[in-house]
Number of protein chains: 2
Amino acid sequence: MRDWIALDPSECESLLRAGVVGRMAVFDGTRPHILPLNYAVVGDALLVRTGADSLLARLPDRTPLAFEVDALDHDGHRGWSVVAHGRSERIDSLDEVDRLDRGRGPRPWVAGTRPHHLRLRWSSLTGYRLGTGWDLRAAMPVRRAE
Amino acid sequence: MRDWIALDPSECESLLRAGVVGRMAVFDGTRPHILPLNYAVVGDALLVRTGADSLLARLPDRTPLAFEVDALDHDGHRGWSVVAHGRSERIDSLDEVDRLDRGRGPRPWVAGTRPHHLRLRWSSLTGYRLGTGWDLRAAMPVRRAE
C-alpha cells in the first residue's frame with residue numbers, strides 16, 4: 001500500500017489545467033449531488049457548460065462548489081486527486097462567453113444545447129497523491145497539451 | 001454528440017455492484033467535499049473504510065451522502081454515471097465489520113489503518129448513459145466478477 005502525500009497548490013493547479021473531465025459536488029439544501037462534467041480552465045477560473053433545466057443552471061449565484069479531478073491507476077493501486085473549492089458564478093453575457101470559449105472552452109459530450117456557462121474561481125486548491133516514483137500526468141487518460 | 005438516456009434502478013444497482021472505486025460527496029455545513037474511495041456493495045448497502053482523522057469519520061450519523069460511480073470513454077465521448085443517495089451510518093461493532101468485510105469488503109490503496117467503516121444504505125439510485133449501442137460494463141476500467 002502507498003502513502004498519502006499532499007500536493008502543493010502549484011502542482012494542483014497544473015493538474016487541474018491539464019484535465020478535461022471532473023466531478024462537481026453541490027449541496028441543494030437537502031443533500032449533496034455529484035455530476036461528471038467536461039470543463040476547461042480559462043484564465044484563473046474553471047468553466048463548465050450546462051443545460052437550461054439542470055441543477056447547476058438553477059443554483060443561486062455564489063453557491064459553494066467543489067470540483068474534483070483525479071487519475072486512478074487500478075492496476076498500480078495508485079492515483080491522485082485535486083479539489084478546487086469556490087463559489088458558483090453564472091456568466092450571462094454572451095460576449096464574455098464567446099471570449100472565454102474561443103477555442104478553449106469545455107466541450108460537452110452530450111447532445112442538446114448547453115447554453116449556461118458557470119464559472120468557478122477557486123479560493124482553494126488541495127490535492128494528494130498515493131506514493132512516489134510515478135508520473136502524475138501519465139496516469140491521466142486524456143490531458144490537454146501544455 | 002450523444003443523447004442523455006436515463007438508466008432504470010436495476011441497471012443502476014448492477015453497475016454500482018460491479019464497481020470498485022467511486023467518489024463520495026458530503027456537505028460539512030459550509031461547503032461540499034468530494035473524495036475518491038474504494039468501496040464494496042455488501043448486501044443492500046455500500047461500504048467504505050476510512051482513517052480515524054478523516055472527514056468521513058467525523059460525520060454525524062445520518063448525514064446525507066451522495067456516492068457516484070461512472071465510466072468515461074474519452075475517445076468515444078460516451079460514458080455513464082450512477083449516483084446512490086442515502087445517509088451515513090457508522091459501523092462500530094467489530095463483529096459486524098468482520099462479517100461485512102469477509103473477503104468482500106472495500107480494499108483501500110492507501111497505507112495506514114482505516115479502522116472506520118461507513119455504511120450507506122441507499123434510498124435512491126439514479127443514473128444515465130450517453131448514447132446507445134455500446135456496453136456499459138466494458139467501459140469500466142476494473143470491475144468485480146459477477
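Is A:R62 buried or exposed? In this predicted model, A:R62 is exposed, with a relative accessible area of 54%. The residue sits in the loop of chain A that runs between β5 (45–50) and β6 (64–73). Most residues other than glycine have a negative phi. In chain B, B:R62 likewise has a positive phi of about 75° although it is not a glycine. B:R62 lies in the loop between β5 (45–50) and β6 (64–73) of chain B, and B:R62 is exposed as well, at a relative accessible area of 53%.

Confidence was examined for chain A. The mean pLDDT of chain A is 89, and 96% of its residues reach 70 or more. Within chain A, confidence is highest in strand β2 (residues 21–27), at a mean of 97, and lowest in helix α2 (residues 94–101), at 72. Where pLDDT is low, the predicted coordinates should not be read in detail.

The relation between the two chains was considered next.

The contact takes 38 residues from chain A and 38 residues from chain B. Between them, chain A and chain B bury about 3,500 Å², of which 71% is on carbon and sulfur atoms. A:I34, A:H74 and A:W109 supply 24% of the area that chain A buries against chain B, more than any other three residues.

On the side of chain A that touches chain B, at least two residues each come from β2, β3 (32–38), β6, β7 (78–91) and β8 (116–130) of chain A. The most is given by β6(A), with 7 residues.

Side chains of opposite charge can pair when their charged atoms come close. Over all chains, the count comes to 18 salt bridges, and the count between chain A and chain B is 4. One salt bridge joins B:E68 and A:R23, with the closest N and O atoms 3.9 Å apart. Both of these residues are buried: B:E68 has a relative accessible area of 0%, and A:R23 has one of 6%.

Other salt bridges lie within a single chain. In chain A, the side chains of A:D44 and A:R17 meet in a salt bridge at 3.1 Å, N to O. This pair links distant parts of the chain, with A:D44 in the loop between β4 (40–42) and β5 and A:R17 in helix α1, 27 residues apart. A:D44 is exposed, with a relative accessible area of 57%, whereas A:R17 counts as partly exposed at 29% relative accessibility.

Chain B contains a salt bridge between B:R17 and B:D44, whose closest N and O atoms are 3.1 Å apart. B:R17 lies in helix α1 (residues 9–18) of chain B and B:D44 in the loop between β4 (40–42) and β5 of chain B, so the pair ties together parts that are 27 residues apart in sequence. B:R17 is partly exposed, with a relative accessible area of 30%, and B:D44 is exposed, at 58%. Elsewhere, salt bridges that share partners join A:R23, A:E68, A:D70, B:R23, B:E68 and B:D70 into one network.

A further position in chain A is A:V20, in the loop between α1 (9–18) and β2. At 19% relative accessibility, A:V20 counts as buried, because buried means under 20% relative accessible area. Leaving aside neighbours within four places in sequence, A:V20 is in contact with A:L37, A:N38, A:Y39, A:V142, A:R143 and A:R144. A:V20 and A:P9 are 11 residues apart along the chain, and their C-alpha atoms are separated by 19 Å.

How values were computed
Residues numbered from 1 in each chain as written. Chains lettered and ligands numbered in written order. Predicted model: local features only at pLDDT ≥ 70, side-chain atom pairs only at ≥ 80, totals over all residues. Heavy atoms only, no water. Helix = DSSP H or I, 4+ residues; strand = E, 2+ residues; numbered from the N terminus. Buried < 20%, exposed > 50% of the residue type's maximum accessible area, 1.4 Å probe, protein only. pLDDT = per-residue confidence, 0-100. Contact = heavy atoms within 4.5 Å. Buried area = accessible area lost by both parts, 1.4 Å probe.
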